[in-house]
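User: I'd like to learn how to read the features of a protein model, one at a time. Could you walk me through the one shown here?

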Amino acid sequence: MLLSIKTKLKLTYVQKIVMSKHAGIARFTYNWGLATWKSLYSHGFKPNKFLLKKFFNNEVKTSLEWIKEKGICQKITQYAFDQLGDAYARFFKGLGGFPRFKKKGINDSFTIDASGKPIPVGGVRIKLPTIGWVKTYEGLPHTTTTKLSISRVADDWYIAFAYEQECKPTPKPVDVVGVDLGIKELATLSTGVTFPNPKAYKKNIQKLKRLSKSLARKIKGSNNRHKLKIKLARHHNRVANIRKDSLHKVTHYLCKNHALVVVEDLNVSGMMSNHKLAQSIADCGFYEFKRQLEYKCKKFGSKLVVADRWYPSSKTCSNCGCKKETLLLSERVYSCEHCGHVIDRDLNAAINLSHCVAGEKCLARVKRVVATSEVPKDGASGVSRRALA
């Protein structure tokens with residue numbers, strides 16, 4: 001299975017300058033291509049990334065000496081045009097907005113390769129094409145890759161690459177589990193296990209507000225503004241890492257220990273329209289949760305079932321199957337009027353989700369099944385004991 005890994009680089013001051021030069025060339029190439037594309041299109045032509053790439057290499061690049069500086073990998077311009085072509089392709093398919101110009105210091109990144117040759121990776125050092133040896137903070141798997149992507153977050157640089165790794169399916173102690181997602185508890189399982197919501201953004205919002213307010217008071221272009229901008233970016237990155245860490249631990253536990261995982265198809269975009277809950281819902285990362293489940297189920301040899309969006313898992317009694325007509329969001333305990341069964345609302349929904357694949361009558365409510373027909377190929381990452389508490 002083809003997976004990717006991203007880790008932080010341990011760079012010297014000189015190496016950070018080299019990385020910034022590469023990111024600057026990639027940004028210049030992308031912006032030049034976007035401006036030329038818009039100009040040609042306005043004059044009635046139909047440009048593409050191959051035409052722009054050929055003209056740039058033959059006419060523009062030859063006159064720019066700073067791009068051909070010693071120690072600069074020349075492959076970064078090629079991938080800049082590929083990214084521009086992908087951006088336009090997503091725009092024409094309706095999957096994204098119109099491509100915009102890149103700004104310095106915002107999402108700085110570039111991609112390099114070794115002219116089609118495999119790049120050996122392993123240990124705490126890696127030899128980048130043209131750039132040379134760089135160190136990492138953690139050991140990398142011993143493998144090979146065809147290309148590497150390097151990006152900057154705050155003032156730190158990260159390296160990412162894809163690689164093939166084979167693994168065997170893990171034994172599954174539990175056959176079927178239903179997963180109910182929420183704000184109070186990130187995930188409630190039909191087995192009774194609950195995973196608390198870290199609420200990373202909500203717990204750090206006051207510090208983010210204070211730093212943002214202080215940044216707005218600094219003079220543009222000053223060193224103090226630059227220092228505070230880095231400090232704010234670091235804190236935003238910390239909040240994002242807390243959220244990702246929690247999601248990875250939950251999804252790892254689910255896919256590794258359960259043969260069949262059942263989740264509901266949430267209308268996240270519709271839930272975000274509720275301005276009273278939008279911030280809390282965005283802080284949970286529901287879309288990322290389902291995305292991780294899809295590839296980790298293939299990784300560990302389990303199956304993922306996405307129940308229909310209109311399946312009344314919260315309104316249905318998990319004991320007798322009686323359905324309530326109305327159920328307020330404030331009712332955190334489900335009390336059945338037919339059989340008198342009293343149970344936690346989220347646990348009741350999770351049990352109903354685990355039952356929705358039990359019989360032929362309920363199979364019609366299942367939206368889709370993500371399964372693997374062959375032995376998955378991938379590595380396994382560890383899970384902390386905190387996630388099982």
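**Reading the model**

Analyst: Let's start with a pocket: the lining of the second largest pocket divides into 14 nonpolar, seven polar and twelve charged residues. Here Ala, Val, Leu, Ile, Met, Phe, Trp, Tyr, Cys and Pro count as nonpolar, Asp, Glu, Lys and Arg as charged, and the others, Gly among them, as polar. Keep in mind that this is a predicted model, in which local features need pLDDT of at least 70 and side-chain atom pairs count only at pLDDT 80 or more, while totals for chains, interfaces and linings use all residues. Residues are numbered from 1 along each chain as its sequence is written, and side-chain values use heavy atoms, with hydrogens and water left out.

User: How much space lies in the second largest pocket?

Analyst: First, the general idea. On a 1 Å grid over the protein atoms alone, a pocket is an open set of points with protein on both sides within 12 Å along at least five of seven lines, a cavity is a set of points where a 1.4 Å probe fits but cannot get out, and lining residues have an atom within 4 Å of a point. Grid points are joined across faces, edges and corners, and a volume is the space filled by probe spheres set on the points. In this case, the second largest pocket holds about 1,000 Å³ of space. It is lined by 33 residues, and those closest to its centre are Leu266, Met271, Ser314, Leu329 and Arg345. Two or more lining residues come from each of β7 (174-181), α6 (268-272) and α9 (345-355). The top contributor is α9, with three residues.

User: Which residues line the largest cavity?

Analyst: Its lining is made of Ala23, Ala26, Arg27, Lys102, Asn107, Asp108 and Ser109. Helix α1 gives the largest share, three residues. By type, the lining has two nonpolar, two polar and three charged residues. The volume of this cavity is about 40 Å³.

User: What caps the N-terminal end of α2?

Analyst: A polar contact is a pair of N or O atoms within 3.5 Å; within protein, one must be able to donate a hydrogen and the other to accept it, and residues adjacent in sequence count only if both atoms are side-chain atoms. The cap of α2 is asparagine 48, with a side-chain oxygen 3.0 Å from the backbone nitrogen of phenylalanine 50.

User: Now a strand residue. Is threonine 136 buried or exposed?

Analyst: Threonine 136, in strand β4 (residues 132-145), counts as buried because its relative accessibility is 4%. A polar atom of its side chain lies 2.8 Å from the backbone oxygen of glutamate 138. Contact means heavy atoms within 4.5 Å. Leaving aside residues up to four places away in sequence, threonine 136 touches Thr7, Lys8, Leu9, Lys10, Gly123, Val124 and Arg125.

User: What can phi tell me, and where is threonine 130 found?

Analyst: Look for positive values in residues other than glycine: phi of threonine 130 is near 70 degrees. Threonine 130 is found in the loop between β3 (119-128) and β4 and is partly exposed, at 47% relative accessible area. Another such residue is alanine 154, with phi near 60 degrees. Alanine 154 lies in the loop between β5 (147-153) and β6 (156-164), and it counts as buried at 17% relative accessibility.

Key. Helix = DSSP H or I, 4+ residues; strand = E, 2+ residues; numbered from the N terminus. Buried < 20%, exposed > 50% of the residue type's maximum accessible area, 1.4 Å probe, protein only.
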